[in-house]
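Biologist: Can you walk me through this one? I have the sequence and the model open.

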Amino acid sequence: MAQVDEKSPLQGGSSSGSNEELLVTQKSLMQQGYDYSPSELSQLSWGLRFTPTMCMIGALIGLYFRLPYLHFTLAALGIIPFWFPSWHPLDRFYNGILRPLWHGVELPPNPLPRRIACFMGGLMNIFIGCSFLANAITLAYIFGGILITLQIVVITTHFCVASWLYERVLRMIGRYIPPISSARAHELVEQQGALLIDVREPNEFAKGHIVGAVNYPLSEVEHGVWITKIEEAAPKAVVLYCQSGLRTQRAIALLKKDGGVGKEVYSLGAMSRW
C-alpha cells in the first residue's frame, strides 16, 4: 500500500506529507498537542512563540517592579483559556491584529497539553503574586526564576515541561497505548484482514491518506457512532492512525471507555509510520 500525495490545509500548496522528517522543535510541538504535518508545523512555529514571549515579558516586568496584580492578570490569561481553547486573549490579538500584517498562518485552538502548560504557568504567577503580597520577596523570585526559565525553553525550543509531564503521567497510569511497528500493521491489514481506520477529519482525509483506509473521524467516536460502523464492517481487528498519533490515543481511550468494540484494537500512531 502507498500513501497518496497530501496538500497542506494551512498553506494550500503541495506537501511531501509523511515523507518529511520531523525536526526536534516540531516533535516538541506535537507533544504539545499540535497534530499537523511537518510543513504545517514549520508555518506555525514562529506564531506559536508569540504568546509565551508576551507572558514572559509580562512576568519579567512584574518581577522587576514587584507588581503582584500584574502576575494575577497573567495568571488569568493562562488559567481562563484552559476551558476555552480558542479564546486565549494573546492568541486572538495575534490572529486578529498582527498576523494579517505579514499574511501569516492563523494560530489554531490550543490543544489540551498546551492548555495544561498555560494553566500551570498561571498557577506559578499566582504563587509569585501571593508571595509579593506576603512580603516573601525571595520566594517570589524563586518562583519567578523557575517560570522564566521554563518560558525561555518553550520559546527557544518549543519543548514544554508541562506537556512532557502530561505524557509521562498518561504512560504511568496506563492511558498511553504504544504504537505497533509498521511491519506489524502491514501484517494485520494485508494478511489478517484488519480494518485500517483514519481518525482525522474528512477534509484532512480527502487531502491525503493511506490507500485502503476508511475515515472514521474522532468527532464521531466521541458521539458513539464508531461501534456500529466497526461491527458492520466485521473486521478481525482494527488499526487506527492519525497525523501524529495524538488523536489515535484519544480514539482508543474513548472506545475502551464505551466498553470496547469486541475486536482487537491497535494503534499505528502517526500516518508517517506506515
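**Loops, a helix and a patch**

Modeller: One place to start is H103, which lies in the loop between α5 (89-102) and α6 (112-133); helices are DSSP runs of H or I with at least four residues, strands are runs of E with at least two, and both are numbered from the N terminus. This is a predicted model, where local features need pLDDT of at least 70, side-chain atom pairs count only at pLDDT 80 or more, and totals for chains, interfaces and linings use all residues. Residues are numbered from 1 along each chain as its sequence is written, and side-chain values use heavy atoms, with hydrogens and water left out.

Biologist: What is the phi of H103?

Modeller: About 55°, a positive value, although H103 is not a glycine. Most residues other than glycine have a negative phi.

Biologist: Is H103 buried or exposed?

Modeller: H103 counts as exposed because its relative accessibility is 73%. Buried means under 20% relative accessible area, exposed over 50%, and partly exposed in between, with a 1.4 Å probe and protein chains only.

Biologist: And H158, what is its phi, and where does it lie?

Modeller: H158 has a positive phi of about 70°, and is not a glycine either. H158 sits in the loop between α7 (137-157) and α8 (161-172). At 1% relative accessibility, H158 counts as buried.

Biologist: Switching to helix α2. Why is α2 described as largely enclosed?

Modeller: Because six of its eight residues, in the run 38-45, are buried.

Biologist: Which residues of α2 are those?

Modeller: P38, S39, E40, L41, L44 and S45.

Biologist: Now the surface. Which residues form the nonpolar patch?

Modeller: M54, I57, I61, Y64, F65 and L67, with about 590 Å² of accessible area together. Nonpolar side chains (Val, Leu, Ile, Met, Phe, Trp, Tyr) are joined within 5 Å, like charges within 9 Å. Areas come from the Shrake-Rupley method with a 1.4 Å probe, and for residues only the protein chains shown count as cover.

Biologist: Where is L67?

Modeller: In the loop between α3 (50-65) and α4 (68-79). L67 counts as partly exposed, at 35% relative accessibility.

Terms used. Patch = residues over 30% accessible without salt bridge, like charges linked within 9 Å, V, L, I, M, F, W, Y side chains within 5 Å. Salt bridge = Lys/Arg side-chain N within 4 Å of Asp/Glu carboxyl O.
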